[in-house]
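Please look over the structure shown below before reading on.

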Amino acid sequence: MATRYWVVSLPVPNSASTLWNKLQEQISKHSFDTPLYRFNIPNLRVGTLDSLLSLSDDLVKSNNFVEGVSHKIRRQIEDLERVSGVVSSSLTVDGVPVDSYLTRFVWDEARYPTMSPLKEIVDGIHGQVAKIEDDLKRVVAIMPSGVFELLVSVFRLDGQVTEAVCACWCLGRATKESAKWQWCLIVFGGAGCVLTLTFDFFGLGTFVLSYGTSILHLLQLDYHILKVRVSEYNNIRSQLNTINRKQTGSLAVRDLSNLVKPEDIITSENLATLLAIVPKYSQKDWLSSYETLTNYVVPRSSKKLYEDNEYALYTVTLFSRVADNFKTSAREKGFQIRDFEYSPETHESRKQELEKLMEDQESLRGSLLQWCYTSYGEVFSSWMHFCAVRVFTESILRYGLPPSFLACVLAPSVKAEKKLRSILEGFSDSTNSGYWKSEDEGVGMAGLVVGDADAHPYVSFTINLV
């Protein structure tokens with residue numbers, strides 16, 4: 001899959017189809033390995049010249065923002081997939097791979113009516129993406145009982161809705177309190193109605209609503225999808241990292257509960273067992289001296305339990321009343337006595353806490369990953385619509401009215417770039433394009449070629465998918 005594309009538009013002298021055929025012929029002849037696609041842009045509302053000029057000033061900032069959020073979510077997906085061990089899959093928009101969505105772009109009239117002012121469309125895209133970015137920072141997705149999705153499909157027949165099929169698919173863990181959930185979908189049609197769905201947690205339910213010939217309008221469905229706080233996920237991961245450091249660090253700092261067995265500890269009214277951290281290369285010194293560090297040390301009571309790259313863990317049994325004196329003497333000789341009290345209840349509690357944290361992390365990570373997949377599709381779709389507005393705006397400012405231009409997408413290789421630029425410039429030779437080539441106007445007019453460092457006698461900008 002190509003990750004770098006050019007979006008260009010060329011002035012149409014007579015017929016767009018003729019220009020398209022000539023462009024295909026030239027590219028196949030001189031750069032046959034370069035994919036070429038039509039970028040279909042509808043007839044958008046032009047507005048006034050002042051509004052277009054004002055909009056062109058905002059395009060570069062908005063494009064950088066939308067593109068940045070897209071890459072941010074992609075990086076989040078890659079991190080989560082790597083940590084989860086999930087096989088990386090192609091990112092999609094409504095099930096369509098992102099590269100195919102770009103090369104076969106179709107304007108979504110329902111989301112972005114073509115009669116809306118261009119400024120309103122751009123502001124709407126910016127607002128939608130800003131909300132998703134805000135969700136990524138704060139709240140991403142949550143429901144204490146498990147991970148699930150609610151899929152709603154609406155089928156349109158002959159431009160009018162005669163029936164709506166709502167398929168609800170629930171995936172997750174059923175709670176002990178309730179194995180069922182109830183959902184209320186409010187659907188506004190000619191007369192309007194309310195449908196309440198009840199389904200088993202792992203069930204699949206299909207429900208059919210009949211409407212005459214009235215067009216069905218589904219307002220945004222505010223269903224409670226498993227909300228996950230990114231901060232909550234990061235907090236759990238931080239706790240797990242702390243636990244892992246304690247379990248895998250050096251003996252001087254790590255948790256000893258998983259290294260000490262009940263039979264290693266002798267505890268009675270008079271006797272106590274201490275745990276000594278001995279430098280790896282001082283073990284002979286320890287074995288020859290621990291019995292004489294203080295009185296009332298049980299002879300031959302020291303036993304090695306574990307050894308790492310720096311230290312060895314030894315036990316020593318002595319009378320409880322001399323424990324403090326033994327610690328002081330051991331410290332003077334460079335041996336560390338770790339405070340440790342073996343408790344089966346504490347050990348089991350820590351084990352359960354670790355297991356719960358790991359389960360919570362996997363659950364939060366899974367729901368966050370699903371949210372990222374969905375949000376990436378939404379942001380990418382918004383980005384492509386923004387690019388369509390961008391091409392339209394720049395083409396009007398470049399070629400004038402009425403709108404007469406051919407927009408297309410290319411995936412050039414590095415070695416073919418120079419040749420492709422030459423071909424594209426050949427289709428732009430006119431008084432207008434010559435004006436754009438002039439060095440005198442390079443500074444003043446380059447502002448309309450938003451986001452490109454070099455000015456060309458045609459509209460052109462680059463889309464980097466990664």
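Strand β2 (residues 36–38) pairs with strand β13 in the antiparallel sense over 3 bridges, where strands are DSSP runs of E of at least two residues and helices are runs of H or I of at least four, both numbered from the N terminus, and where two strands pair if DSSP finds at least two bridges between them. This is a predicted model, in which local features need pLDDT of at least 70 and side-chain atom pairs count only at pLDDT 80 or more, while totals for chains, interfaces and linings use all residues. Residues are numbered from 1 along each chain as its sequence is written, and side-chain values use heavy atoms, with hydrogens and water left out.

**Strand β13 and its partners**

- Tyr37 stands opposite Val409 in β13, and Val409 is also the bridge partner of Val7.
- Strand β1 (residues 4–11) pairs with β13 as well, in the antiparallel sense and over 6 bridges.
- Strand β13 (residues 405–410) is mostly covered, with 6 of its 6 residues buried, a word that here means under 20% relative accessible area, as against exposed at over 50% and partly exposed in between (1.4 Å probe, protein chains only).

**The chain as a whole**

- The secondary structure of the chain comes to 11 helices and 14 strands, and 42% of its 466 residues count as buried.
- Among contacts (heavy atoms within 4.5 Å) between residues at least 6 apart in sequence, 78% join residues at least 24 apart.
- The chain exposes about 25400 Å², of which carbon and sulfur atoms supply 51%; accessible areas come from the Shrake-Rupley method with a 1.4 Å probe, and for residues only the protein chains shown count as cover.

**A four-stranded sheet**

- An open sheet of 4 strands runs in the order β10-β11-β9-β12, with antiparallel pairing.
- The edge strands of this sheet are β10 (303–307) and β12, each of which pairs on one side only.
- Neighbouring strands of the sheet are turned by 35 degrees against each other on average, direction ignored, where axes are lines fitted to C-alpha atoms, for helices over the stretch in contact, and angles run from 0 to 180 degrees between N-to-C directions.
- Helix α7 packs on the sheet, touching β9, β11 and β12, and its direction makes about 145 degrees with that of β11.
- Strand β9 (residues 271–279) has 7 of its 9 residues buried, so it is largely enclosed by the rest of the structure.
- Leu275 stands opposite Thr315 in β11 and has Arg338 as its bridge partner in β12, while Ile277 stands opposite Leu313 in β11.

**Aromatic pairs**

- The count comes to 13 aromatic pairs, a pair being rings of Phe, Tyr and Trp (its six-membered ring) whose centres lie within 6.5 Å, with planes under 30 degrees apart counted as stacked, over 60 as edge-to-face and the rest as tilted.
- Trp286 and Tyr290 form a stacked pair, 5.4 Å centre to centre and with 20 degrees between the planes.
- Trp286 and Phe326 form an edge-to-face pair, 6.2 Å centre to centre and with 90 degrees between the planes.
- Because Trp286 lies in helix α6 (residues 283–289) and Phe326 in helix α7 (residues 323–332), the pair ties together parts that are 40 residues apart in sequence.
- Trp286 counts as buried at 0% relative accessibility, as do Tyr290 at 3% and Phe326 at 0%.
- One aromatic cluster is formed by Phe39, Tyr101, Phe105, Trp107, Tyr112, Tyr376, Phe380 and Trp383.

**Charges over rings**

- Arg390 lies over the face of Phe461, at 3.8 Å from the ring centre, under a rule that asks for NZ of Lys or CZ of Arg within 6 Å of the ring centre and within 35 degrees of the ring normal.
- The charged end of Arg421 sits over the ring of Trp6, 3.7 Å from its centre.
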